Amino acid sequence: MERVLDMTIQEVRELLRKKEISSVELTGFYLERIKKYDGSLLTYLRVTEEEALEMARDADRRIGQGEDGPLLGIPLGIKDIFCTKGIETTCASRILEGFVPPYDATVIKKLKDRSFVHLGRLNMDEFAMGSSTENSAFQTTKNPWDLSRIPGGSSGGSASAVAAGLCAAALGTDTGGSIRQPASLCGAVGMKPTYGRVSRYGLIAFASSLDQVGPLTRSVSDCAVVMNAIAGYDPMDSTSIPQPVPDYTELLGRDIKGMKIGIPREYFIEGMDEDVKRAVRESLAVFEHQGASLVDISLPHTEYAVATYYVICTAEASSNLARYDGVKYGLRIDGKDIIDMYKKTRSKGFGKEVKRRIILGTYVLSSGYYDAYYRKAGKVRTLMRRDFDEAFKACDIIVTAVSPTTAFKTGEKIDDPLTMYLSDIFTIPMNLAGLPAMSVPCGFDGSGLPIGLQIIGRPLDEGRIMQAGYVIERERAVKKIPDTLR
Amino acid sequence: MKITKDVVEYVAHLGRLELEHDEVELYTTQLDRILDYVDALNKLDTEGIEPTSHAVPLDSVMREDEVRDSIGVDSSIRNAPERKETFFKVPPIIEVEE
């Protein structure tokens, strides 16, 4: 069964179809790996073993009846941010402990309609706020390549579990890099689709104008397969885009001759690891060798991205998180009156980073500061979108590093929020502009830590991004699962 | 210093948070530093630029006004920490003077 770790989901589906393996066996294999390795990696908040085996038995029944489908019987891990009927969903927060959603998020429903297997709930930064998964109220996930280091965040549990082979693939969310940065730091493929490409219905909201759902996988092919399943218009999400979904697997393996690749000069910054720069340059050489041409471009407002983002995302978060008041779900701490009850509940239920962002967001929205901060940030966001509009006149995709450094040590940045925020400098601009972008593994640094390449596309151009990512995956042939986990 | 302890305490109140003494100290220092960094935005001339609130153009979405299935009252309130019959139960909001 070990061989499935090196196979694509399409290849594993072939084994299931031919009945060489069953979904129950496949699910058992992943459950065993979780038991063996997750005690030290801490990627899962809760393993839903019973549900998983029941779903696997159901999938085997369907396969027996001749049913087919790209995710039928495939075990996936789910970031603990997607409402899932009957399964505790906490967003890694004490304030939602014990919350059992009465409905399924649209993406969960889509996966269920395709008879996937729900392995369990993956750890994350509380309410998806963070870049290291250290802000989880419950546990700190480790990087599978070096247990003393963080896996990135906020989808750190998803990235680590995928890279460690503790699920076939996982769902994550990306508000400022929360899929791409952990994918890069753990050596997984991670896609943040175009804003509106995947429904956010049932996704617990952090910053609604930036949040987007996407897959974390061990291959570009798997990324395409999961994207095929989750993308598309949803009447329950008024921001979802009413456009048909192409078959994302179709462009994989097609050559990239004549593709124009933009290299933004602002994305080689001071303080960047030399090994990261080298891996990006070598990947650009691969593209050139395969017949693409490189174009120098400029995204002049890049240096303002982090400041813009932290005004907008905290403002939206302070408003979204007002719903946690001890009345409708989760924690309640009694107080002398209702305001006191709100305050005690929220102060006990939220962690440090969440409180910091509520305070900052409340401040930038407060009377007298709204124009200076929130409105100003909205205007700069317009300038950043125009940067990309201009750049895409000269190129088809843009290629950069995902993160200026490889995975840092647990505890290294946790007491310095601004330094932590700055580690997202290369991923934030795409959320502000709503553009699709992917992290694909492209090498390792001198200490054996993974490096991700970021490929950015025009709105709804995920197919072309994956076409280019597939070339990097094939030509760079980066190792996927650490030897220590074999 | 743009941010004082009084400001942090006032904003925390608006956000319905009650901070410990050391949290007020910590957030005052950290938020001052973050806002100092954010002030770089003021270097940019944004006169006449329309702010972006969403990256993609949004249209109002309409649907027929038809009755559809919903999850129902019991499911809706099942997660409430305290409830009575079909209601959420909360502490008194308006005190009646005797």
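Analyst: Helices here are DSSP runs of H or I with at least four residues, strands are E runs of at least two, and both are numbered from the N terminus. With that in hand, let's zoom in on Leu17(B), which sits in the loop between α1 (5-14) and α2 (21-38) of chain B. A word on the ground rules: this is a predicted model, where local features need pLDDT of at least 70 and side-chain atom pairs count only at pLDDT 80 or more, while totals for chains, interfaces and linings use all residues. Residues are numbered from 1 along each chain as its sequence is written, chains are lettered from A and ligands numbered from 1 in the order written, and side-chain values use heavy atoms, without hydrogens or water.

Is Leu17(B) buried or exposed? Its relative accessible area is 3%, so it counts as buried (buried is under 20%, exposed over 50%, partly exposed in between, with a 1.4 Å probe and protein chains only). Leaving out neighbours within four places in sequence, Leu17(B) has contacts (heavy atoms within 4.5 Å) with Ala12(B) and, across in chain A, with Lys343(A), Arg346(A), Ser347(A), Phe350(A), Lys355(A), Ile358(A) and Ile359(A).

Follow a few of those partners. Lys355(A) also forms a salt bridge with Glu23(B), with the closest N and O atoms 3.0 Å apart (Lys or Arg side-chain nitrogen within 4 Å of an Asp or Glu carboxyl oxygen). Between chain A and chain B the count is 4 salt bridges, alongside 20 residue pairs in polar contact, both residues at pLDDT 80 or more (N or O atoms within 3.5 Å, one able to donate a hydrogen and the other to accept it within protein; sequence neighbours count only if both atoms are side-chain atoms). On chain A's side of this contact, α9, α10 (338-349), α11 (352-365), α12 (370-391), α13 (417-422) and α14 (428-433) each bring at least two residues. The largest share, 13 residues, comes from α12(A). Sorted by class, that side has 34 nonpolar, 16 polar and 20 charged residues (nonpolar: Ala, Val, Leu, Ile, Met, Phe, Trp, Tyr, Cys, Pro; charged: Asp, Glu, Lys, Arg; polar: the others, Gly among them).

Zooming out, the contact takes in 70 residues of chain A and 51 of chain B. About 5500 Å² is buried between the two chains, with carbon and sulfur atoms giving 66% of it (accessible area, 1.4 Å probe, lost on putting the parts together and summed over both). Lys343(A), Ile359(A) and Leu418(A) supply 12% of what chain A buries against chain B, more than any other three residues.

Phe127(A) is one of the residues with the most contacts inside the largest nonpolar core, a set of 171 residues (buried Ala, Val, Leu, Ile, Met, Phe, Trp, Tyr and Cys joined through side-chain atoms within 4.5 Å). Helix α9 (residues 305-320) of chain A gives the most to this core, with 10 residues.

Elsewhere in chain B, Ser75(B) lies in helix α3 (residues 72-77), and its side chain makes a polar contact with that of Arg78(B) at 3.1 Å.
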